[in-house]
Amino acid sequence: MCGIVGYVGDDDALPVILDGLKRLEYRGYDSAGVCLRTDPLTVHKKAGEVDELVEAAPESSEATCGVGHTRWSTHGEPTDENAHPHADEARRYAVVHNGIIDNHAELRDELEDRGHVFESDTDTEVVPHLLSEAEGELVERLGAVVERLEGSYALACVSADSDEVVVARQDSPLVVGHGDDANYVGSDVTAFVEHTRRVSYLHDGDIARVTADSIEVWNDGESVDRAVETVDWDVEAAEKGGYEHYMLKEIHEQPRALRKTVSERTDEVEGEALLDVSDEVLAEHDRVEFVACGTSYHAALYARRLFEEYADISATAEYASEYDGPHAPEETLVVAVTQSGETADTLSATRRAAREGATTVAVTNTVGSTAARETDETVYIRAGPEIGVAATKTFASQVVTLALVAVAAGRARDALPASEASSVLADLRDVPGAVQRVLDNEDRVAETAEEYGWDDAFFYVGRRLGYPVALEGALKLKEISYDHAEGFPAGELKHGPLALVTPDTPVLAVMTDGTRPRETLNNVKEVESRGAPVVAVTSSDADEGARLADTVFRVPSLGDMEPLLANVYLQMFAYHVARLKDRPIDKPRNLAKSVTVE
Ligand code: AGP
């Protein structure tokens, strides 16, 4: 994905846009650029991070309107030429784009035949050339151009003729911000939240004209109103707050985020989870299929077990990109787990499910996201903004939210007695405090990272609810430290991966309650006898695992949520190994926060 920001107002547009780009950098950091509305247009762009653009651009400008972009490359190398914005030869039209234009090659051939000269290898560059050939005002030109585009796009365009930003959205998020004497455009609210929290989320097919004092939206040629909503977080929430990295801040924010996740959602007296999702939806389906990617997939794997346990319902979790559609659409509830609500693989799996007649639910962090708008029901995880590319607090909030939904399903299906529901809900309410107790051990985790962090490869093992946590622990380490790390079901080690185990491959074992720790102990013995160091995360009262492991971290007693607590140790371990190696923790190479291409 890429980040888009646009500004029209009374002030110098350049600093507003550069600030917005800094905030959006988590969406991509291969290159950055800005186009200022002058006549002809002024474009500054640079490969690399936004700081490189800041160095290359002037400190101020005369322009009061412009657009900016931070790029995660899909088509074309991360070079100056391929950086957005892209403009036509005469610098009359310029465009920033998030998404992929599938038919760009054919459009480019056509334009080159008519004499257009291209400067980049991107799919985007066809758009300004097409704009230059179209007729009318910018909004009419863009309307005509999008008719010719196939694929996904959030486009923000400026022309040399007027102070306005014109945008179009198809399968890629775009939001407009209503300011005082100024209006804004962003690929998400972070782009301009320091200026305004009043926003309207655009829908697929929308085209909007944003000037300093008006925002007009059309869909299919008709003028439409898009509700003005107020975002309930501010710029402080998206800043580092004294931590060295966003990731560390977000790891430490987990207790607060989780308090919001559970707040007013547990009635322990009645044994009810209080959620917006309707009882009928939960009661009437005999099967749940979770679709998700990456960390969200691990949360779904965790939830799958909870649904089977609490709601006595057959539940599967699949990588969204591997999903072929629901097995029995009428009987199946398809739950899309997605922090951003914009992951293309997850959206396409959910759309397939809906087309085939399944009821769909989104479990997401992002109000107004595509997943939230396109599904039948939405449950928000309420984690607050997450900027670090490596997901941390949102995983915890996803698991707890899904546990609440599993309790609600269990009650709606008469599968979970009120007394048992009360006890699960009491555990969920205690998760924030228990996470804080784990966080208090960060110094010991940092020491362990120093002891083992320089080894060659890392294996993570766990069973049952410990297995998704093993996968998540390994994903975190590989994402931010670039070390080879794999997660396995503990019992599978001896069926092959054990061949890789040596004294230089630490094994991190999740052995808390809810993970069949006794069985995992045998696997720990197997790796110990091959000389591998073992770091075990155990329940507070576990003796045997603790005796065998080289390093032991303990979690407070908390039933099925203990593996989630174990994950907090693994997050801190990954963070400190990556810090030791001086990795760019918030912006790992080749990755982006949300992946809006399939
Ligand atoms: C997690 O650390 C990753 N950044 C990644 O795996 C992420 O979880 C995945 O891309 C799914 O994103 P989503 O939750 O926004 O759909």
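Predicted model: local features only at pLDDT ≥ 70, side-chain atom pairs only at ≥ 80, totals over all residues.

**Stop 1: the ligand**

Stay with the ligand and select Q339, which has a polar backbone atom 2.7 Å from a ligand oxygen atom. Next click S340: an N or O atom in its side chain is 2.6 Å from an oxygen atom of the ligand. These are polar contacts, meaning pairs of N or O atoms within 3.5 Å; within protein, one must be able to donate a hydrogen and the other to accept it, and residues adjacent in sequence count only if both atoms are side-chain atoms.

Now show the ligand's surface. On its own the ligand has 410 Å² of accessible area, and the protein covers 92% of it (Shrake-Rupley method with a 1.4 Å probe; for residues, only the protein chains shown count as cover).

Who stands around the ligand? There are 13 residues, and S296, T338, Q339, S340 and T343 come nearest (a residue counts as near if one of its heavy atoms lies within 4 Å). Colour this shell by type and you get four nonpolar, seven polar and two charged residues. Here Ala, Val, Leu, Ile, Met, Phe, Trp, Tyr, Cys and Pro count as nonpolar, Asp, Glu, Lys and Arg as charged, and the others, Gly among them, as polar. Helix α9 gives the largest share of the shell, three residues. Helices (H or I, at least four residues) and strands (E, at least two) are DSSP runs, numbered from the N terminus.

**Stop 2**

Rolling a probe the size of a water molecule over the atoms shows where empty space is left. A cavity is a set of points, on a 1 Å grid over the protein atoms alone, where a 1.4 Å probe fits but cannot get out; lining residues have an atom within 4 Å of a point. Grid points are joined across faces, edges and corners, and a volume is the space filled by probe spheres set on the points.

How many cavities of 30 Å³ or more does the structure hold? Two. For the largest, at about 100 Å³, select C2, W72, T74, H97 and G99, which lie nearest its centre among 15 lining residues. Strand β6 (residues 93-101) gives the most to this lining, with three residues. By type, the lining has four nonpolar, nine polar and two charged residues.

The second largest cavity has a volume of about 40 Å³. Select its lining: V277, F290, F307, L333, V335, V361, V363, L402 and V405. That makes nine nonpolar residues, with no polar and no charged ones.

**Stop 3**

Most residues other than glycine have a negative phi, and most peptide bonds are trans. Select P40, in the loop between β2 (31-36) and β3 (42-47); the peptide bond from D39 to P40 is cis, with omega near 0°. Then try H84 and P85, also joined by a cis peptide bond, with omega about 0°.

Finish at D171, in the loop between β8 (162-170) and β9 (175-178). D171 is not a glycine, yet its phi is positive, about 60°.

Terms used: Residues numbered from 1 in each chain as written. Heavy atoms only, no water. 1 Å grid on protein atoms, 1.4 Å probe; cavity = no way out; pocket = protein on both sides within 12 Å on 5 of 7 lines; lining within 4 Å.
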